[in-house]
Amino acid sequence: MRRRPAHHSDAARRTRPTVAPSDRTTPGAPTRRCTLSTQRPTLADVAAAAKVSVSTASLAFSGAGPIAAATRQRVLDAATELDYSGPNPLGRQLRQGRSGIVGVVVGDALRRSFRDPVSVQVLDGLVGTIGPLGLGVLLIPGAGELTAAPVDPLVESAAMDVAVLLWGGTTDDPVLASLRRRGVPTVLVEGKLFEDMATVGIDDRGGVAEATRHLLDLGHTRIATVTLPFNRERREGLVDAERMTALDWEITIRRLAGLTDAGVTPVAVYETPASLVEHGADAGRALLSSPDRPTAIVCQSDLLAGGVVLAARELGLRVPEDVSVLGFDGLDLPWLAPDVLTTVAQPLAEKGAAVAHAVEDLLNGEIPPYRELPVSLRIGTTTGPVPA
């Protein structure tokens, strides 16, 4: 072992400044120094430059309260001259006791939610409406898998003024329980009606009933259905009587009830784990491969219905000559051409805007009444008379 030279004492080593790798320079190269920017101008600086009080300058930026147009312009001109962008939003939020954030629990893993145009269009309507209110959105994933925690940590801890729970909830939903425990005002989308929460929904039960009666008018009696998940287990496959007792999710319950309202008991029920084309294709193969296959299939989403149509083509079946397929949502699916889905269309962007208005009401201390948006049956090319 080599000994250290005697002049390299421990004391000397302790007092020698450490040079970070980024500070080292190449011999002969000019030395570059990082200089800190000067202090950011304050509202008081702007007020002094405009020769007004700080409170008057604050009114010029907030737009609240009486202030002459000429005075406001003088304040804004002074701000431009000083390169002052406006009051610190964090300070304003602290004074108001608000975060300016709306927490949106999407109801599924984000990787699946953003593959579904329904989620994207509803979020677009929501964000486009709350943006002018000075609010931002925090997206929080739902419990996409049974192995995942039932409540995302953000639900328990993130700062939010209002929460939005997309795609409903149940009476024992742990997310709802957490939000109630925190006292966060909440908007439910297509969920149960609770006195202490705002709810926005659609007449999906009535829409499915109308669509099913359309199939009955075409002579169909052997009608199957492809559903959204029953509960957090998100199983996939044909449903038996025992599995029916596990039905817990509000949207699935209502859309199945629409079949019953039309007087139809499905010849088969196929549960899917998510509204994705591949799950619809799996359902289509399972339902259409048997000799006693249904003549019509009612799907609880357009993506599931599109998957069933693809499966029918794969099996050599004609749509609608051999099997009719009906969807729900009203999506534009150009990749399904030349077929155009017969579907129950819902106003997706308008639903997002309605949710935003409910958020605004909650922020104003009011729980708005339940709002239900109408749906409409849109006839396409995928439904026709029962095969002879």
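This is a predicted model: local features need pLDDT of at least 70, side-chain atom pairs count only at pLDDT 80 or more; totals for chains, interfaces and linings use all residues.
Colleague: What span should the 16 residues of H15 have, and how far apart are its end C-alpha atoms?

Modeller: At 1.5 Å a residue the helix should span 22 Å, and because its end C-alpha atoms are 23 Å apart, the two values agree. H15 is followed by Gly365, whose phi is positive, near 85°.

Colleague: How should I read a sheet, and in what order do the seven strands of the open sheet come?

Modeller: Strands of a sheet pair through backbone hydrogen bonds, either parallel or antiparallel. Here the seven strands run in the order E7-E8-E6-E9-E10-E11-E13, with mixed pairing. Strand E7 (237-238) and strand E13 (376-378) stand at the edges with a single partner strand each, so one side of each is left without a neighbour in the sheet.

Colleague: In which sense do strands E9 and E10 pair, and what packs on the sheet?

Modeller: Strand E9 (residues 296-299) and strand E10 (residues 324-329) pair in the parallel sense over three bridges, and Val298 has Leu326 in E10 as its bridge partner. Helix H12 packs on this sheet, where it touches E9, E10 and strand E6 (223-227), and its direction makes about 170° with that of E6.

Colleague: If I want to look at one residue of H12, such as Thr252, is that residue buried or exposed?

Modeller: Thr252 lies in helix H12, which covers residues 250-261, and because its relative accessible area is 1%, Thr252 counts as buried. Setting aside residues up to four places away in sequence, Thr252 touches Thr227, Leu228, Pro229, Phe230, Leu247 and Gln300.

Colleague: How do I read the two faces of a strand, and which residues of E5 lie on each side?

Modeller: In a regular strand the side chains alternate between the two faces of the sheet. In E5 one side carries Ala198, Val200 and Ile202 while the other carries Thr199 and Gly201, and all of these are buried. Strand E5, at residues 198-202, is accordingly described as mostly covered, with five of its five residues buried.

Colleague: Which strands pair with E5?

Modeller: E4 and E5 pair in the parallel sense over three bridges, with Leu188 opposite Thr199 in E5. E5 also pairs in the parallel sense, over three bridges, with strand E12 (residues 371-373), where Ile202 stands opposite Leu373.

Colleague: Where is Gly183 found, and is Gly183 buried or exposed?

Modeller: Gly183 is found in the loop between helix H9 (174-182) and strand E4 (186-189), and because its relative accessible area is 56%, over the 50% cut-off, Gly183 is exposed. Gly183 and Val162 are 21 residues apart in sequence, with their C-alpha atoms 9.6 Å apart in space.

Colleague: Over which rings do the charged ends of Arg180 and Arg255 sit?

Modeller: The charged end of Arg180 sits over the ring of Phe194, 4.9 Å from its centre, and that of Arg255 sits over the ring of Phe328, 3.9 Å from its centre. The count of aromatic pairs, by contrast, comes to zero.

Colleague: And how many helices and strands are there in the protein chain?

Modeller: The protein chain has 15 helices and 13 strands, and buried residues make up 45% of its 388 residues. Among its contacts between residues at least 6 apart in sequence, 72% join residues at least 24 apart.

Technical notes. Residues are numbered from 1 along each chain as its sequence is written. Side-chain values use heavy atoms; hydrogens and water are left out. Rings of Phe, Tyr and Trp (its six-membered ring) pair if their centres lie within 6.5 Å; planes under 30 degrees apart count as stacked, over 60 as edge-to-face and the rest as tilted. A charge sits over a ring if NZ of Lys or CZ of Arg is within 6 Å of the ring centre and within 35 degrees of the ring normal. Helices (H or I, at least four residues) and strands (E, at least two) are DSSP runs, numbered from the N terminus. Buried means under 20% relative accessible area, exposed over 50%, partly exposed in between (1.4 Å probe, protein chains only). Contact means heavy atoms within 4.5 Å. Two strands pair if DSSP finds at least two bridges between them. Axes are lines fitted to C-alpha atoms, for helices over the stretch in contact, and angles run from 0 to 180 degrees between N-to-C directions. The expected span of a helix is 1.5 Å times one less than its number of residues.
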